[in-house]
Amino acid sequence: MELYVNFNLPKEAEEELGRYYKIVKGGDLSGVEVAFVYRLSPEELKKMPKLKFIQVVLAGLDHLPWEHIPPHVVVAGNAGSNADAVTEFALGLLLASYKRIIHYSEKMRRGDYDKNLEVPLLQGKKVAVLGLGEIGIRVARLIAALGAEVWGFARTPREGPWRFTSSLEEALRGAKAAVCALPLTRRTRGLIRYEHLALMADDGVFVNVGRAEVVDREGALRIVKERPRFVFASDVWWGRNDFAKDAEFFSLPNVVATPWVAGGYGSEEVWRKMVMDAVKNLIAYATGGPVRNIARRDDYL
């Protein structure tokens, strides 16, 4: 069975896949039945008339050209492969912002030693976790372990140390902090608007490690300009490949910004783990085993 790969594979991944597939990296793709991709173009798809299965190395699938993928082709994402890393990063963003660590570090750097902001407790405070997937569940459990009152928001109920709600308004109303780990689909694009952020405490902290486009850009900009004590901390930005497009955010003192480094983009170790997790799924497909993370087309079309 021919496998098309369009990104650089670690040696151990190529050796493992070579036991089950004939790996093709270019040229004639007419015999390819399986594709292992980072991104995928309509032009590449046209060259693979026998394609049956696509394995994406990234956790998200919003970047795929779904309108060009034939309905019979099964698509699998890689959710969970970077979940531990992104969870750690989300907790770091939350605590560094909520406990005023970044605020005081910047002041100390400037030689300003005035204690002008109170450092609040997270224990006993309402914290919303938006999205109860692989990352959201981990984040919610860790925050609950710190003694916070966690509210978990998702489309379908999930049990855990949180109060579940399918209402975004209920999750965010009065919350001192929120962590967004929602995937980007046609249902979540622009889901979180100004009126939702405005439901949070005036000095609340909103952390985003999901996708920027889940949050309405202008709404987020408005809230941080109107509420100087509100902190918007994000690893993901609307100018995905050109962060300068969101420079207006970065200039604001109540914005904490990192350049999409929570997962595989920030760590070779995490990237290799993501690749090898996807390799396991490809081997399962080749051997007739259960395949994980199969996407629902109606989430994107």
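Modeller: Buried means under 20% relative accessible area, exposed means over 50%, and partly exposed lies in between. The model here is predicted.

Colleague: Is Glu14 buried, partly exposed or exposed?

Modeller: Glu14 has a relative accessibility of 29%, so Glu14 counts as partly exposed. The residue sits in helix H1, residues 11-17. Beyond neighbours within four places in sequence, Glu14 is in contact with Leu9, Ile23 and Lys25. Val129 is 115 residues from Glu14 in sequence, and the two C-alpha atoms are 37 Å apart in space.

Colleague: How does Gln55 read on that scale, buried or exposed?

Modeller: Gln55 counts as buried because its relative accessibility is 0%. Gln55 belongs to strand E4, residues 53-56.

Colleague: Which side chain makes a polar contact with the side chain of Gln55?

Modeller: That of Asn281, at 2.9 Å. Asn281 is also among the residues in contact with Gln55 once neighbours within four places are left aside; others include Phe36, Gly77 and Leu282.

Colleague: Next, rings. How many aromatic pairs does the structure hold?

Modeller: There are 14 aromatic pairs. To read one, take the distance between ring centres and the angle between planes; an angle over 60 degrees counts as edge-to-face. The centres of Phe7 and Phe36 are 5.0 Å apart and their planes stand at 80 degrees, so this pair is edge-to-face. The pair links distant parts of the chain, 29 residues apart: Phe7 is in the loop between strand E1 (2-5) and H1, and Phe36 is in strand E3, residues 32-37. Phe7 is buried at 12% relative accessible area, and Phe36 is buried at 0% relative accessibility.

Colleague: What is the geometry of the pair formed by Trp237 and Trp238?

Modeller: Edge-to-face, with 6.0 Å from centre to centre and 65 degrees between the planes. Both Trp237 and Trp238 are buried.

Colleague: Last, how is empty space found?

Modeller: A probe the size of a water molecule is rolled over the atoms, and this shows where empty space is left. The second largest pocket here has a volume of about 410 Å³.

Colleague: Which residues lie nearest the centre of the second largest pocket?

Modeller: Ile102, His103, Val231, Pro253 and Asn254, out of 18 lining residues. By class, the lining has 10 nonpolar, 3 polar and 5 charged residues. Helix H3 (83-98), helix H4 (101-109) and strand E12 (255-257) supply at least two residues each. H4 gives the most, with 4 residues.

Notes:
Residues are numbered from 1 along each chain as its sequence is written. This is a predicted model: local features need pLDDT of at least 70, side-chain atom pairs count only at pLDDT 80 or more; totals for chains, interfaces and linings use all residues. Side-chain values use heavy atoms; hydrogens and water are left out. On a 1 Å grid over the protein atoms alone, a cavity is a set of points where a 1.4 Å probe fits but cannot get out, and a pocket is an open set with protein on both sides within 12 Å along at least five of seven lines; lining residues have an atom within 4 Å of a point. Grid points are joined across faces, edges and corners, and a volume is the space filled by probe spheres set on the points. Ala, Val, Leu, Ile, Met, Phe, Trp, Tyr, Cys and Pro count as nonpolar, Asp, Glu, Lys and Arg as charged, and the others, Gly among them, as polar. Buried means under 20% relative accessible area, exposed over 50%, partly exposed in between (1.4 Å probe, protein chains only). A polar contact is a pair of N or O atoms within 3.5 Å; within protein, one must be able to donate a hydrogen and the other to accept it, and residues adjacent in sequence count only if both atoms are side-chain atoms. Contact means heavy atoms within 4.5 Å. Rings of Phe, Tyr and Trp (its six-membered ring) pair if their centres lie within 6.5 Å; planes under 30 degrees apart count as stacked, over 60 as edge-to-face and the rest as tilted.
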